[in-house]
Amino acid sequence: MSEERFGEFVLVRRHEDGHVAELALDRPKAMNAVSTGMARSIAGACAALGADRDVRVVVLTSTHERAFCVGADLKERNSLSDAELVRQRPVARGAYTGVLELPVPTVAAVHGFALGGGFELALSCDVIVADGTAVVGLPEVSVGVIPGGGGTQLLPRRVGAARAAELIFTARRVEAAEARELGLVDVLVEQGRDREEALALASRIAANSPVGLRAAKRALRLGHGLDLRAGLEVEDAAWRSVALSGDRAEGVAAFNEKRRPQWPGE
């Protein structure tokens, strides 16, 4: 396993011959509250991982024992003038869009608090694995703002408009069991096993065609919310992008020869 640090608060670990990358939030003294500098680092790490053709899956984790991420750094926000806050907005937004726009499958490993922007980072992933200590929520209206990392758009896509409205308007925190029941998280595991289980899931995903994975994610993301006819056109375009690929040829050959494929990734 290799490690690379992006700024002071983001650590990238590479597993599985570099095919699984772990993006670890590493600001323990602030429970991973996202400062301006940390936001830049998250965006930078995502840009590097998205451009790396060896990476097939990204797992978003936390090094803090009691929190995934508690959201925006409100102490820093309190020190900003109105003009500084407006200038900071694109930087903050870049962290969330960086995760959301990763071209490979992404898995969040959540334990403890995942609130506000912290939960939005998880919502930006394709699958959320949480342990029994997880507490999630979007409490922004309780401090006079609204979710600004995609929460008003991503949450309804998970749980429906009415449920999302109730959660956002009340600003309430949801504990692990209810979060799983409502669909706020996808997989609920025993306490302390979120990272382990997320990495195991990532390993299973990474065994598949990297070309296929990227195309499947593209079809899922671009087709979501479209009517069926338009969605099928998105799927067809993604299918055509892989139909003549080396991965497709290797996958078919490996199936017929009853062996594990050796993906060329092209």
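Two strands count as paired here if DSSP finds at least two bridges between them. I kept that in mind while opening this model, which is predicted.

**Entry 1, the sheet.** I looked up strands E9 and E10 and found them paired in the antiparallel sense, over two bridges. On this pairing, I saw that valine 135 stands opposite glutamate 175 in E10. Stepping back, I read the order of the open sheet as E5-E7-E9-E10, four strands with mixed pairing. Strand E5 (67–69) and strand E10 (174–175) are at the edges; each has a single partner strand, so one side of each has no neighbour in the sheet.

Next I went inside. The largest nonpolar core holds 50 residues, and Leu23, Leu121, Leu155 and Leu184 touch the most other members. Helix H1 (residues 36–51) gives this core its largest share, six residues. I also noted a second, separate core of 14 residues, with Val107, Val129, Ala202 and Ile205 among them.

Leaving out residues up to four places away in sequence, I listed its contacts, including Leu25, Val34, Ile42, Phe68 and Tyr96.

Which residues form a nonpolar patch on the surface? I found Leu74, Val143 and Val145, with about 270 Å² of accessible area together. Valine 145 sits in the loop between strand E9 (135–137) and helix H5 (151–159).

Technical notes:
Residues are numbered from 1 along each chain as its sequence is written. This is a predicted model: local features need pLDDT of at least 70, side-chain atom pairs count only at pLDDT 80 or more; totals for chains, interfaces and linings use all residues. Side-chain values use heavy atoms; hydrogens and water are left out. Patches are made of residues with over 30% relative accessible area and no salt bridge: like charges are joined within 9 Å, nonpolar side chains (Val, Leu, Ile, Met, Phe, Trp, Tyr) within 5 Å. Accessible areas come from the Shrake-Rupley method with a 1.4 Å probe; for residues, only the protein chains shown count as cover. A salt bridge is a side-chain nitrogen of Lys or Arg within 4 Å of a carboxyl oxygen of Asp or Glu. A nonpolar core is a set of buried Ala, Val, Leu, Ile, Met, Phe, Trp, Tyr and Cys residues joined through side-chain atoms within 4.5 Å. Buried means under 20% relative accessible area, exposed over 50%, partly exposed in between (1.4 Å probe, protein chains only). Contact means heavy atoms within 4.5 Å.
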